[in-house]
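Please read these notes with the model open beside you.

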Amino acid sequence: METLKNPPTEKKVFLETFGCQSNVLESDHVAGLLVRNHFTLTGKMEEADVILFNTCSIRQHAEDKVFSRLGQLVDWKRDKEGRVIGVLGCMATSYKDHLLERAPHLDMVVGPDQYLKVPQAIREASQSGQSQVLADFDPLYFPENDPRRLSQPHKAFIEIMKGCDKFCTFCVVPFTRGREVSRPAESIVAEAERLARSGVKEVMLLGQNVNSYGLSPGSKDKTLTFDQLLEEVGRVPGLERVRFMTSHPLDLSDELVETMARVPAVCESIHLPVQCGSDKVLKRMNRKYSVAHYLERVGKLRASIKDLFITTDLIVGFPGESDGDFRRTLDLLEEVRYDAVYSFKYSPRLGTPAARMLDPVPEEAKDARLAALNEKAWKHAAEKCEARLGRVEEVLVDGPADKTPGAFYGKSRQNRTVVFKGQGYRTGDRVRVRIESHKVANLYGTPVEPQGKGRGEK
Ligand code: 5AD
Ligand code: SF4
């Protein structure tokens with residue numbers, strides 16, 4: 001447990017988060033620890049005494065942003081004694097003490113399994129001026145939410161497993177997050193219950209590969225499989241929506257599909273990264289499935305779950321990807337017609353097998369492929385939105401819409417952003433909205449019940 005015996009401090013901490021949902025969850029967790037240890041959080045970098053970056057290593061671009069931020073802080077650090085700069089997250093485990101060579105003004109490097117030590121590390125760094133590197137893995141450590149310190153009061157991420165044993169050849173995650181470990185089911189369900197009691201309506205179960213929950217060798221708890229866990233969480237009173245990510249196509253079981261179809265709280269939505277539409281490239285990526293297997297799983301999902309929202313991740317320009325391979329990716333898009341696609345240019349990561357592969361794709365070819373892929377993906381997303389016109393979506397309200405005065409926004413069960421006219425709605429209200437138009441991938445509409453009715457009750 002974190003120490004509470006430390007004296008109060010006047011120090012203000014600015015914490016900036018890069019990267020995926022795991023980092024968002026972990027930043028909330030660190031923020032909670034800091035407040036309990038008498039630090040104050042600030043959203044303004046200029047009034048901070050401590051600046052922490054929670055970082056991502058997935059692509060070079062993500063790391064470049066952090067190195068550039070660190071570079072801008074050399075004078076800031078020098079200007080006042082006792083100031084502290086820290087790097088948390090994946091760059092901490094991928095670089096460890098090498099980060100201090102790149103940024104000698106850095107005071108602390110703390111990996112994802114060592115966050116309980118963050119408050120103490122800040123105190124020591126500010127008092128002694130000594131840099132600290134805390135980057136070991138700890139399979140028993142899982143970050144929990146403090147219900148009082150959620151980024152959004154009605155939604156929360158719950159980490160159910162961490163690390164990854166899949167070793168896709170392009171991916172740095174097995175190195176930055178370590179071996180796959182599942183969190184005991186009772187601890188997950190207890191957290192879900194705690195969150196629901198504090199007013200959370202929607203949870204997202206998080207893991208690099210949630211489908212192998214409970215199956216990995218490092219897991220302490222082998223009593224539940226992922227579909228069984230999903231069902232347990234779906235039964236927690238007060239939770240209206242349960243989502244999960246990320247799913248690996250190889251481990252997506254029939255039982256999971258059936259559970260998604262049967263349990264009312266589980267939303268009609270799945271993120272199922274395919275990465276590429278060519279078997280040859282999938283093999284080089286070590287994805288362990290074929291395009292035919294992927295399409296069979298999508299067919300099973302669509303046959304079982306009405307109105308399923310399917311999203312994916314795709315990489316263009318993996319070493320050795322030919323024009324023909326890329327055309328197969330476009331064919332796959334045409335066949336699946338995703339609701340949304342997250343597309344990336346391949347970025348070599350140090351230490352991964354793909355970084356040593358020959359036959360790199362030239363940058364211009366990567367750009368052209370990315371543009372062609374995005375054009376098709378946006379066309380499909382627009383068609384999917386078009387198909388929702390005239391329908392009624394159940395929207396969980398996130399708050400007032402910034403760009404549209406007199407309007408609110410939230411998410412449909414499928415996870416589309418819906419903007420609707422109205423006043424006086426509260427975050428976490430549930431509103432039924434008739435969809436009248438769409439702009440890019442957002443839906444626009446009007447509530448079907450008169451204002452003040454049908455809000456919040458199940
Ligand atoms: N280059 C480009 N994209 C990558 N991803 C993971 N590693 C890389 C890389 N080296 C993408 C994958 C993954 C998503 C989270 O990021 O598509 O699913
Ligand atoms: Fe990375 Fe592959 Fe694991 Fe996903 S399944 S985290 S892409 S190694």
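**Notes on helix packing, ligands and backbone**

1. In α12, V291, Y294, L295, V298 and R302 meet L332, E335 and V336 of α13; contact means heavy atoms within 4.5 Å. By class, this contact of α12 with α13 has six nonpolar, no polar and two charged residues. Ala, Val, Leu, Ile, Met, Phe, Trp, Tyr, Cys and Pro count as nonpolar, Asp, Glu, Lys and Arg as charged, and the others, Gly among them, as polar.

2. This is a predicted model, in which local features need pLDDT of at least 70, side-chain atom pairs count only at pLDDT 80 or more, and totals for chains, interfaces and linings use all residues. Residues are numbered from 1 along each chain as its sequence is written, chains are lettered from A and ligands numbered from 1 in the order in which they are written, and side-chain values use heavy atoms, with hydrogens and water left out.

3. Helix α12 covers residues 291-304 and helix α13 residues 323-336; they pack at an angle of about 15°, with their axes 11 Å apart. That angle makes α12 roughly parallel to α13. Axes are lines fitted to C-alpha atoms, for helices over the stretch in contact, and angles run from 0 to 180 degrees between N-to-C directions. Angles under 35 degrees count as roughly parallel, over 145 as roughly antiparallel, 65 to 115 as roughly perpendicular and the rest as oblique. Helices (H or I, at least four residues) and strands (E, at least two) are DSSP runs, numbered from the N terminus.

4. The crossing of α12 and α13 is right-handed. A crossing is right-handed if the near helix is turned clockwise from the far one by less than a right angle, and left-handed if anticlockwise.

5. Helix α10 (residues 254-262) also packs on α12: their axes come within 9 Å and cross at roughly 25°. α10 is therefore roughly parallel to α12. D254, V257, E258, M260 and A261 of α10 make the contact with R297, K300, L301 and S304 of α12. By class, the contact of α10 with α12 has four nonpolar, one polar and four charged residues.

6. On α13 there is a further partner, helix α14 (residues 363-386), packed at an angle of about 10° with the axes 10 Å apart. This makes α13 roughly parallel to α14. The residues of the contact of α13 with α14 divide into six nonpolar, two polar and four charged.

7. Which residues surround ligand 1? They are I58, R59, F170, Q275, D313, I315, F344, K345, Y346, S347 and R349, each with a heavy atom within 4 Å of the ligand. An oxygen atom of ligand 1 is 2.7 Å from an N or O atom in the side chain of Q275. For the side chain of D313, the distance from an oxygen atom of ligand 1 to an N or O atom is 2.6 Å. A nitrogen atom of ligand 1 has a backbone N or O atom of S347 at 2.7 Å.

8. Around ligand 2 are C164, K166, F167, C168, F170, C171, V173, P174, Q208, H248 and R287. By class, this shell has seven nonpolar, two polar and two charged residues.

9. Two backbone points deserve a check. Q275, in the loop between β12 (269-271) and α11 (279-284), has a positive phi of about 75° although it is not a glycine. The peptide bond from M245 to T246 is cis, with omega near 10°; T246 is found in the loop between β11 (241-245) and α10. Most residues other than glycine have a negative phi, and most peptide bonds are trans.

Conventions
A polar contact is a pair of N or O atoms within 3.5 Å; within protein, one must be able to donate a hydrogen and the other to accept it, and residues adjacent in sequence count only if both atoms are side-chain atoms.
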